[in-house]
Amino acid sequence: MVVRLKGSYTVKPAEPTWEGCQPLSELDQIGCITYIPIIGFYLPPQNWLTPAETIPNTLKDSLSRALVPFYPLAGHLQWIGKDRLELNCNGIGAQFIETESEAKLVDFGDFSLSPKYDGLIPTLDYSLPIHELPLLLVQLTWFSCGGISLGLTASHAVVDGQSLLHFISEWTGLARGEPLKLAPFLDRKVLGAGNDHLHPPASPSLDLSFNLPTLLSSEEETKPETTIVMLKLTKEEVEKLKKMANEGEETIIPAYTRYESLAGQIWRCASKARKHKHEQPTALGVCASSRSRIKPALPKGYFGNAIFDVLATSMAGELMAKPLSYAASRIREAIETVTNEYIWSAIDYLKKHPDLTVFQDLQARTSNDQFPFYKNPNLGVVNWLSFPIYGVDFGWGKEVYIDPGDVDAESSFLVPSSSGDGSLVVALSLQVSHMEAFKKHFSEDIMIGNL
């Protein structure tokens with residue numbers, strides 16, 4: 001999409017904030033240490049704020065005030081040696097960009113056919129030194145119909161999805177003139193940040209090597225083209241999947257969840273669409289939160305990364321031939337490995353590891369090196385079903401549409417529908433050559449109950 005730059009500004013905290021270097025936890029420094037995007041669209045109501053400057057001024061002023069309690073987002077990252085990061089809380093500020101486009105919101109239809117928002121979400125030049133990159137970037141885009149979009153991206157080394165949505169919720173409240181509801185908990189030492197000796201002491205370290213299965217056949221392209229679709233499921237279809245996953249599994253307590261059921265179905269249909277051989281090993285990447293699994297539980301409002309990527313594995317033949325309950329059981333087994341002991345052992349392992357870059361995506365994005373992004377024969381499914389992603393109201397009404405903004409490699413996001421009626425959306429990225437077959441298997445299995 002073609003957009004024209006109207007202005008770019010640095011937004012600093014409205015008041016002096018603590019300055020100094022803050023250690024990051026090991027969980028902040030592995031996996032995706034690049035950026036998390038999210039985008040929302042707003043229709044122009046009849047009482048749309050005037051003059052036009054009111055909207056960007058409201059956003060910048062409230063952002064400046066939000067950066068006082070959330071001051072880590074106004075800082076920069078910097079390397080310690082070749083593979084470790086720390087947070088420099090220097091109050092340098094966030095970047096606010098204002099653009100305009102000749103497009104209209106109606107051009108997006110119901111948004112399900114427009115999952116790529118090129119030009120509407122801030123992008124970063126990862127070839128620059130990491131200390132030159134702002135940790136938070138916001139882009140306001142005006143459309144010719146009077147509607148707007150608000151694209152935002154934040155460093156994944158500083159926040160995970162839950163922390164980012166906490167920040168956005170408090171920012172919108174400040175914009176509406178409300179007080180802070182929940183202050184962020186900023187002390188990452190509760191996850192061992194900066195501590196060489198853990199308390200409680202960890203058991204012998206785990207091996208967190210992320211050894212993903214590879215294709216038995218070498219016929220596939222090295223970097224095949226991918227595409228994104230948004231699949232909508234009604235409440236009835238979601239309940240049907242959950243019922244099928246639990247059929248004959250009365251002894252399973254608690255019953256398989258929406259996430260386990262739906263992720264299992266996505267995994268099975270991906271193997272079918274990819275025409276995997278029976279003996280093909282495959283893995284599903286699952287993000288498991290440590291917030292309530294660690295002892296004691298992380299404080300409410302913990303601001304940082306608290307997720308683990310764990311793998312559910314299977315032979316493709318078993319995955320496709322057995323009932324949906326089998327896939328759901330493999331996913332539950334993976335999630336249940338994330339215990340208090342596992343979390344501390346994993347942190348201990350990472351503290352002792354000689355080179356964290358093998359767990360980081362940044363170098364892979366700036367070179368031809370391989371990184372275990374999910375791709376055939378594997379898949380990732382991220383769970384945002386319980387996240388409060390809707391109701392992002394800065395004072396001019398709630399969004400008409402919002403979504404994660406991008407889906408990396410071959411993976412999927414599960415998000416609730418904005419209708420609040422129990423329906424949900426599957427944002428899926430898959431190879432172009434496999435997508436139509438996936439959609440066919442996915443819809444047919446739900447319709448005929450072939451699960």
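S4 and strand S5 (residues 84-89) pair in the antiparallel sense over five bridges; strands are DSSP runs (E, at least two residues), numbered from the N terminus, and two strands pair if DSSP finds at least two bridges between them. The model is predicted, so local features need pLDDT of at least 70 and side-chain atom pairs count only at pLDDT 80 or more, while totals for chains, interfaces and linings use all residues. Residues are numbered from 1 along each chain as its sequence is written, and side-chain values use heavy atoms, without hydrogens and water.

Leucine 77 has leucine 87 in S5 as its bridge partner. The open sheet has three strands in the order S2-S5-S4, with antiparallel pairing. Its edge strands each pair on one side only:

| Edge strand | Residues |
|---|---|
| S2 | 20-23 |
| S4 | 76-80 |

Buried means under 20% relative accessible area (1.4 Å probe, protein chains only).

Glutamate 170 lies in helix H2 (residues 161-175); helices are DSSP runs (H or I, at least four residues). Glutamate 170 is buried yet has no salt bridge, meaning a side-chain nitrogen of Lys or Arg within 4 Å of a carboxyl oxygen of Asp or Glu. The nearest side chain of opposite charge, lysine 181, is 5.6 Å away.

Notes. Buried < 20%, exposed > 50% of the residue type's maximum accessible area, 1.4 Å probe, protein only. Lys, Arg positive; Asp, Glu negative; His and termini not counted.
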